Amino acid sequence: MTALERAPLLDCPGAPGPSSGSDHFEETTMKSHFKSLATLALAGMMTLAADIAPAAETLRFTWTDPDDPTTVATAAEMHVFKSTFERLTGGRYIVELYPNGQLGDQRSMIQQVRRGTIHAANIASGVLASLYTPKLGIVDLPFVFKSRAHLRAALSNDNPFIHQLLDEVAKDSGIRILSLNPYGFRSLTTRDTVVQKPKDVAGLKIRTMEVVPHQEMMKSFGATPVPIPYLELYTSLQTGVVDGEENTPSNIIQQRFYQVQKNLTLTQHLMTVGAVITNEKWFQSLPPEDRKAFIDAEKEARLAHDGIGAVQDLLALGKLKELGMSIYAPTPEEMAAFRKTAEGPARNWAGAQWGKEFVDAFYSTIEAADR
């Protein structure tokens, strides 16, 4: 057969066109082949993109209270913090929550935040003050705040006095305080002694937090302050290591202190100041949009904290009565005696520690927030 005879009969009358016979089968096969190659290439590109895209960073948030966001203010705050931050950053971060002191007591939490192994912790500000920045203890003086709203206004980050103080804390400790929060009014509980006046506290061993102003207040009442870690407090009350303690009604319920304390006196001698903290170096290293998301998420979380906390304030006392605690509300005259006994000595002590000018500026801030 000649070459001409072997040539394809294109455009000849009666010759098979491109859409018929074996040529059609070959064309269909080629199209299928190219389609498969394109699919494989696209899959490969997607796999490569997934390999190149940075993995989500895992963060750890912790607190010592139980994990019930419907009844525990700190739990509500940390759950909202987590969910809002994850949402605002579009999955670039995954937040793991560790309630109930799973990562240690508050002292340990603070140290881990300082090392950068914990990214956010909900603590009492006074514990941080006792470890690294004593001047922060100014917010733990007795009989300073009148309500949750008063504390929130007075200790706002937008307040120049507080803003400067928090910057000093970050510089001194490497820990950034995102907010100072109203955890609730603390009152006195005892196992045997019914406390109605300051003199009734004299001679008792009273557990306090590891917060120096709290300890100084108990000394002014004539009591012996005994700082005991929170997670060890129930056993200490049960075994008689201390005669009593001072706490919020909601904490008394959560930790079942009513089982080992018979009496509650509503002294409301100070408002526990909570703090949400993070590592300053890590915080400043965040991309600006992520740092803003972190701040905004924490602000959103404050709403949950304050709402749950206020509701629990209302419910807790009734619950404690049901649980068998004897609750005593001091008369106005008795409250005035508690205030007079503690307030003056506490302010004088603070002035000796940090200077009269600093203390006076703090009290001016408190008074301005109450107008």
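Predicted model: local features only at pLDDT ≥ 70, side-chain atom pairs only at ≥ 80, totals over all residues.

Start with Thr-62: its bridge partner in strand 2 is Tyr-98. That pair belongs to a parallel pairing, in which strand 1, residues 57-63, is joined to strand 2, residues 93-98, by six bridges. To get from strand 1 to strand 2, the chain passes through helix 3, residues 73-88, and the β-α-β crossover made this way is right-handed.

Keep following the chain. In the loop between strand 2 and helix 4 sits Asn-100. Its phi is positive, near 60°, and the residue is not a glycine. As background, most residues other than glycine have a negative phi.

Phe-143 lies in the loop between helix 5 and helix 6, the latter being residues 148-154. Here the relative accessibility is 7%, and because buried means under 20%, Phe-143 is classed as buried.

Back to helix 4, residues 106-115. Which of its residues are buried? They are Gln-106, Met-109, Ile-110, Gln-112 and Val-113. Looking down the axis of helix 4, you find these buried residues within an arc of 165°, so they line one face of the helix. The general point is that an α-helix has 3.6 residues a turn, so residues three or four places apart point the same way.

What does that face pack against? The buried residues of helix 4 pack against strand 1, strand 3 (120-124), helix 5 (125-131), strand 4 (175-190) and strand 8 (263-279). Just after helix 4 comes Gly-116, with a positive phi of about 90°.

Searching the whole structure turns up two cavities of 30 Å³ or more. The largest cavity has a volume of about 320 Å³. It is lined by 25 residues, and those closest to its centre are Thr-64, Gln-106, Ala-124, Met-209 and Tyr-230. Gln-106 you have met already, as one of the buried residues of helix 4. Helix 4, strand 3, strand 4 and strand 8 are the elements that each give two or more residues to this lining. Strand 3 supplies the largest share, three residues.

The largest pocket holds about 380 Å³ of space. Its lining has 18 residues, and Asn-157, Ile-177, Leu-178, Ile-295 and Arg-302 are the ones nearest its centre. Two or more lining residues come from each of helix 7 (160-173), strand 4 and helix 12 (288-322). Which element gives the most to the lining of this pocket? That is strand 4, with five residues.

Last, the chain as a whole. It has 14 helices and nine strands. Of its 371 residues, 46% are buried. Take the contacts between residues at least 6 apart in sequence: 73% of them join residues at least 24 apart.

Definitions and conventions
Residues numbered from 1 in each chain as written. Heavy atoms only, no water. Pairing = 2+ DSSP bridges. Helix = DSSP H or I, 4+ residues; strand = E, 2+ residues; numbered from the N terminus. Right-handed = clockwise from strand over helix to strand, strands pointing away. Buried < 20%, exposed > 50% of the residue type's maximum accessible area, 1.4 Å probe, protein only. Arc of directions from axis to C-beta. Contact = heavy atoms within 4.5 Å. 1 Å grid on protein atoms, 1.4 Å probe; cavity = no way out; pocket = protein on both sides within 12 Å on 5 of 7 lines; lining within 4 Å. Points joined across faces, edges and corners; volume = space filled by probe spheres on them.
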